[in-house]
Amino acid sequence: MLVSNWRAVVKHAWSIRFMVLALLCIIIEPIYTIVAATWVSRNIYIQLAMSAITGLLAVAAIIARIFVQQKISGELNGKPPAEG
């Protein structure tokens, strides 16, 4: 079930921002691999860095999802989900 202010949550939530950045890294990695294979020699360190960044962004999204953001609290207003 969506919260009533889902647009504000999508716009301001750090977990969403981190997930979008991780998605961009996932999309860019195969594109880089194709370009690197045709134009320059493949650099394993760049591929490792892209994988590491993607993993770190996913972990950051999980951590950001756990913490309450005061600017956007959904419709619970500090109550536990059972009382919502």
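Tutor: Let us begin with a definition: a residue counts as exposed when its relative accessible area is over 50%, as buried when that area is under 20%, and as partly exposed in between. The model to which we shall apply this is predicted.

Student: Is Phe 67 buried or exposed?

Tutor: Phe 67 has a relative accessibility of 58%, which is over the 50% cut-off, so it counts as exposed. It is found in the segment after α3.

Student: What pattern does the protein chain follow along the sequence?

Tutor: The pattern reads α-α-α; the protein chain has three helices and zero strands. Of its 84 residues, 18% are buried.

Student: How many residues does helix α3 have, and what distance does it reach?

Tutor: Helix α3 covers residues 44–66, which is 23 residues. From its first C-alpha to its last it reaches 34 Å, close to the 33 Å expected at 1.5 Å a residue.

Student: Which residues are buried in α3?

Tutor: The general idea comes from the helical repeat: an α-helix has 3.6 residues a turn, so residues three or four places apart point the same way. In α3, the buried residues are Gln 47, Met 50, Thr 54, Leu 57, Ala 61 and Ala 64.

Student: Let us take Thr 54 from that list. Why does Thr 54 count as buried?

Tutor: Its relative accessible area is 13%, and the cut-off for buried is under 20%. Thr 54 has its place in helix α3.

Student: With which residues is Thr 54 in contact, leaving aside its neighbours within four places in sequence?

Tutor: Thr 54 is in contact with Ala 22, Cys 25 and Ile 26. Leu 23 is 31 residues from Thr 54 in sequence and 7.8 Å from it in space. Leu 24 is 30 residues away along the chain, with a C-alpha separation of 8.7 Å. Leu 24 lies in helix α2 and is partly exposed, with a relative accessible area of 44%. For the chain as a whole, take the contacts between residues at least 6 apart in sequence: 68% of them join residues at least 24 apart.

Student: How many aromatic pairs does the structure hold?

Tutor: The structure holds one aromatic pair. It is formed by Trp 14 and Phe 18, whose ring centres are 5.8 Å apart and whose planes stand at 35°, so the pair is tilted. Both residues belong to helix α2 (residues 14–39); being four residues apart, they are separated by about one helical turn. Trp 14 is partly exposed at 45% relative accessibility, and Phe 18 is partly exposed at 21%.

Student: Which residue has its charged end over the ring of Trp 14?

Tutor: That residue is Arg 17, whose charged end sits over the ring of Trp 14 at 4.6 Å from the ring centre.

Note on methods. Residues are numbered from 1 along each chain as its sequence is written. This is a predicted model: local features need pLDDT of at least 70, side-chain atom pairs count only at pLDDT 80 or more; totals for chains, interfaces and linings use all residues. Side-chain values use heavy atoms; hydrogens and water are left out. Helices (H or I, at least four residues) and strands (E, at least two) are DSSP runs, numbered from the N terminus. Buried means under 20% relative accessible area, exposed over 50%, partly exposed in between (1.4 Å probe, protein chains only). Contact means heavy atoms within 4.5 Å. The expected span of a helix is 1.5 Å times one less than its number of residues. Rings of Phe, Tyr and Trp (its six-membered ring) pair if their centres lie within 6.5 Å; planes under 30 degrees apart count as stacked, over 60 as edge-to-face and the rest as tilted. A charge sits over a ring if NZ of Lys or CZ of Arg is within 6 Å of the ring centre and within 35 degrees of the ring normal.
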